[in-house]
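Visitor: I am new to this structure. Can you walk me through how to read it?
Guide: Gladly. Have a look first, then ask.

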Amino acid sequence: LPLLLRHDYCFASRPAWCPSMNNYTSVKEFILLGLSHTEGLENMIFVLFLAFYLFALLGNLLIFVTILASSSLHTPMYFFLGNLSVFDIFFPSVNSPKMMVSLAGQSRTISYQGCASQVFFYHTLGGTECFLYTVMAYDRFVAICHPMRYTVIMNQRVCTSLTVCTWLGGCVHGSILTFLIFKLPYCGPNEVDSFFCDIPVVLSLACADTSLAQMVSFINIGVVALVCFLLILLSYTRIVLSILKIRSSEGRRRAFSTCSAHLTSILLFYGPVFLVYLRPASSLWLDSAVQVLNSIVTPSLNPLIYSLRNKDVKVALRKVLFHVIHPSVL
């Protein structure tokens, strides 16, 4: 039997020819094989990764500083956008630096603890983003459907509580998945067929029956993604119905424009989630391509999405950049 099938069969049925659990040597490190079908393109991919990574860091840092420095942006909507910028600084930092080290011809190995850390932070931040987009949709729902009570409903205490809950919820989500994956024994092979450690590729290396971990992971990710998606869909259904009741075309246009950036980000986020984790068949090449989009391209695009389509952010951004270039001018 092939190695992985033999492992699963041994741990499920325990025939006499199977070695005992004590005879297995635990894996101390994994080897990241990187992106498939990219031989000879390492230098070009390194430059692209570095460009997107730096743009994500600098762009989101600039948006965050702009929101902090501009009193006109101290509103619930921009408070959540500031949190999204912090997220978009952390998220590509989970796996991009290690990927660029590998592309530069350095070590492709990652320790067992480092691999577990990648899974934890990737899914903690992924869960946080999912919850944060849901909160942002609720904020837009209150702003458009209940404008007279907006400041009362979305007060500072409520915004802070919702933000803390999104980060705690993401942490719980990531902890459950990491525990499920790394409580399994890993005894070889240790080659991860991706550019970072994630659930599908790591689970395939386990020396035990992974059906329970696969099922619980699928349900966990599926429930979180689906519940958040349905809540976002419900919010925007109510928003669209309210916008259609606005009589002036200018009013409808302004209402739609406040939601367009958020909707674009949601599509860029949920597309990769459904393609990688919530489909029955797996394609390593497609998974890698989609995860590159999700891990580094989308965080670098969010500053453009939220600044180019938002007049308030553009005005505040110009003021911040002007004071950076001309610090002596008050």
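This is a predicted model: local features need pLDDT of at least 70, side-chain atom pairs count only at pLDDT 80 or more; totals for chains, interfaces and linings use all residues.

Visitor: How many bridges join β1 to β3, and how do the two strands run?
Guide: Strand β1, residues 29-32, is joined to β3 by two bridges, and the two run parallel. Ile31 of this pairing faces Glu191 in β3.

Visitor: And β2? How many bridges join β1 to it, and do they run parallel or antiparallel?
Guide: There are three bridges between β1 and β2, and these strands run antiparallel. Here Ile31 stands opposite Thr109 of β2.

Visitor: In what order do the strands form the sheet?
Guide: The order is β2-β1-β3. The sheet is open, has three strands and shows mixed pairing. β2 (109-111) and β3 (191-192) stand at the edges with a single partner strand each, so one side of each has no neighbour in the sheet.

Visitor: Which helix packs on the sheet?
Guide: Helix α5, residues 112-145, packs on it and touches β1 and β2. The direction of α5 makes about 85 degrees with that of β2.

Visitor: What about the two faces of a strand?
Guide: The general idea first. Side chains in a regular strand alternate between the two faces of the sheet. Now the case here. In β1, Phe30 and Leu32 make up the covered face. Glu29 and Ile31 make up the uncovered one.

Visitor: Let us step back. How many helices and strands does the chain have?
Guide: The chain has twelve helices and three strands.

Visitor: How many of its residues count as buried?
Guide: The share is 45% of the 330 residues. The chain exposes about 16900 Å², and carbon and sulfur atoms supply 69% of that area.

Visitor: What share of the contacts joins residues 24 or more positions apart?
Guide: Among contacts with a separation of 6 or more, such pairs account for 76%.

Visitor: How do I read two packed helices?
Guide: Two values describe such a pair: the angle between the axes and the distance between the axes. Take α2 (residues 42-69) and α12 (residues 311-325). Their axes come within 9 Å and cross at roughly 90 degrees. An angle of 65 to 115 degrees counts as roughly perpendicular, so α2 is roughly perpendicular to α12.

Visitor: Which residues make the contact?
Guide: On α2 they are Leu62, Ile63, Thr66 and Ala69. On α12 they are Val313, Ala316, Leu317, Val320 and Leu321.

Visitor: Take Thr66 of helix α2. Is Thr66 buried or exposed?
Guide: The cut-off for buried is under 20% relative accessible area. Thr66 has 1%, so Thr66 is buried. Setting aside neighbours within four places in sequence, Thr66 is in contact with Leu73, Val313, Ala316, Leu317 and Val320.

Visitor: How does Leu54 count?
Guide: Leu54 is also found in helix α2. With 40% relative accessibility, Leu54 counts as partly exposed. Leu54 and Ile296 are 242 residues apart in sequence, yet 9.8 Å apart in space, C-alpha to C-alpha.

Visitor: Where does Val202 lie?
Guide: Val202 is in helix α8, residues 199-203. The relative accessible area of Val202 is 0%, so this residue is buried. Leaving out residues up to four places away, Val202 touches Cys115, Ile181, Phe182, Tyr186 and Cys197. From Val202 to Val119 is 83 residues in sequence and 9.2 Å in space, C-alpha to C-alpha.

Visitor: One more residue. What does Ser102 touch?
Guide: Ser102 touches Ser107 and Arg108, not counting residues up to four places away in sequence. Ser102 sits in helix α4, residues 96-103. At 7% relative accessible area, Ser102 is buried.

Visitor: Which residues does UniProt list for "transmembrane region"?
Guide: The unreviewed UniProt entry lists residues 45-69, 75-94, 158-182, 212-234 and 255-277. Check two of the spans against the model. Residues 75-94 are 75% helix and 0% strand, with end C-alpha atoms 30 Å apart. Residues 158-182 are 100% helix and 0% strand, with end C-alpha atoms 36 Å apart.

Note on methods:
Residues are numbered from 1 along each chain as its sequence is written. Side-chain values use heavy atoms; hydrogens and water are left out. Helices (H or I, at least four residues) and strands (E, at least two) are DSSP runs, numbered from the N terminus. Buried means under 20% relative accessible area, exposed over 50%, partly exposed in between (1.4 Å probe, protein chains only). Contact means heavy atoms within 4.5 Å. Accessible areas come from the Shrake-Rupley method with a 1.4 Å probe; for residues, only the protein chains shown count as cover. Two strands pair if DSSP finds at least two bridges between them. Axes are lines fitted to C-alpha atoms, for helices over the stretch in contact, and angles run from 0 to 180 degrees between N-to-C directions. UniProt positions are given in the numbering used here, feature names are shortened, and annotations may be inferred rather than shown by experiment. Angles under 35 degrees count as roughly parallel, over 145 as roughly antiparallel, 65 to 115 as roughly perpendicular and the rest as oblique.
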